[in-house]
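Student: I've got a model open and I'd like to learn how to read its features. Can you walk me through it?

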Amino acid sequence: MSARAVGSALAGIAVVALVVGAGLLNPVPTPPVGTDSLGPDSGELVSDYLDRARESLDAVEMSAWALASFAAPMTADDVIAATPGVRVSEVLFRVPLDRVQTPMVAIAVPDNNDAIRRAPGAAATRLAVMTGVDERQKRVAEVSSRLLSQGCACAIGAVVHGTAQELATLAGTPSIRALEALPEDGTPWRAAVRPLLPEYVDVVRVGPDDGPVP
């Protein structure tokens, strides 16, 4: 091998070493894994989920974020009355229509009751711009938007934060059907939330979508 070839090879090795060294000294940060979720799984027995939710509360030592699934759909004022002493950060809305699958809308709210009262209007505005993939879905979005703007009892759950004692107290109220706590290392704003809907009686299963849209 000529002296020039040897020099080129050594220069290449040096460049690789510099690149590897820079990577070791300045590693690319690993993005957080967004796998946190709250709520029942499709096909899960309701009784199993209720047990799982209770066990999650038992694991809370100081404080935690949690998903509250309501026993029945609520108005905004009902949500305020049903969640005393805890921070509500998100309200989940879904307009109940018989044998019609309607979209769920999650609205983040600041830490005050007026924001919760404004949340149905924000959900209505979001649905008003939905087009859907067909005429039926478009009509469902329109009806849902109209009913939400009228202040319907359409809140089905909320993401809350509280101490272990506050969450235990909340879980024991009749208006809360299930309360599942997020693990302490979980990230609430990255978690997928699926409340336990009132129509889920035995098994978590999507209901029929063959009813007329009013």
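Student: What volume does the second largest pocket have?

Tutor: The general idea: rolling a probe the size of a water molecule over the atoms shows where empty space is left. In this predicted model, the second largest pocket comes out at about 230 Å³. Of the 16 residues lining that pocket, Arg94, Leu97, Val100, Gln101 and Glu199 are the closest to its centre.

Student: And how does the lining of the second largest pocket split by class?

Tutor: You get nine nonpolar, two polar and five charged residues.

Student: Now the largest pocket: what is its volume, and which residues are closest to its centre?

Tutor: Its volume is about 280 Å³. There are 19 lining residues, and Arg194, Pro195, Leu197, Tyr200 and Val206 are the ones closest to the centre. By class, the lining of the largest pocket has ten nonpolar, four polar and five charged residues.

Student: Okay, on to packing. Which residues have the most contacts inside the largest nonpolar core?

Tutor: The background first: in soluble globular proteins, nonpolar side chains tend to be buried together. Here the largest nonpolar core has 39 residues, and the ones with the most contacts inside it are Phe70, Phe93, Val109, Ile116, Leu148, Val160 and Leu179. Helix H4, spanning residues 113–128, gives the most to this core, with six residues. There's also a second, separate core of 16 residues, with Tyr49, Ile156, Ala178 and Tyr200 among them.

Student: What does leucine 148 touch, if I skip residues up to four places away in sequence?

Tutor: With those left out, leucine 148 touches Phe93, Val95, Pro120, Ala123, Ala124, Leu127 and Cys154.

Student: Is Cys154 buried or exposed?

Tutor: Cysteine 154 has a relative accessible area of 2%, so it's buried, the cut-off for that being under 20%. Cysteine 154 also forms a disulfide with cysteine 152, the sulfur atoms sitting 2.0 Å apart. To read the handedness, look at the angle about the S-S bond: at -130°, the link of cysteine 152 and cysteine 154 is left-handed. The disulfide count comes to one.

Student: One backbone item, then. What is phi of arginine 99 near?

Tutor: Phi there is near 55°, a positive value in a residue other than glycine. As for where to look, arginine 99 lies in the loop between strand S3 (87–93) and strand S4 (105–108).

Student: And why does arginine 99 count as partly exposed?

Tutor: Because its relative accessibility is 41%, which falls between the 20% and 50% cut-offs.

Definitions and conventions
Residues are numbered from 1 along each chain as its sequence is written. This is a predicted model: local features need pLDDT of at least 70, side-chain atom pairs count only at pLDDT 80 or more; totals for chains, interfaces and linings use all residues. Side-chain values use heavy atoms; hydrogens and water are left out. A disulfide is a pair of cysteine sulfur atoms within 2.5 Å. Buried means under 20% relative accessible area, exposed over 50%, partly exposed in between (1.4 Å probe, protein chains only). On a 1 Å grid over the protein atoms alone, a cavity is a set of points where a 1.4 Å probe fits but cannot get out, and a pocket is an open set with protein on both sides within 12 Å along at least five of seven lines; lining residues have an atom within 4 Å of a point. Grid points are joined across faces, edges and corners, and a volume is the space filled by probe spheres set on the points. Ala, Val, Leu, Ile, Met, Phe, Trp, Tyr, Cys and Pro count as nonpolar, Asp, Glu, Lys and Arg as charged, and the others, Gly among them, as polar. A nonpolar core is a set of buried Ala, Val, Leu, Ile, Met, Phe, Trp, Tyr and Cys residues joined through side-chain atoms within 4.5 Å. Helices (H or I, at least four residues) and strands (E, at least two) are DSSP runs, numbered from the N terminus. Contact means heavy atoms within 4.5 Å.
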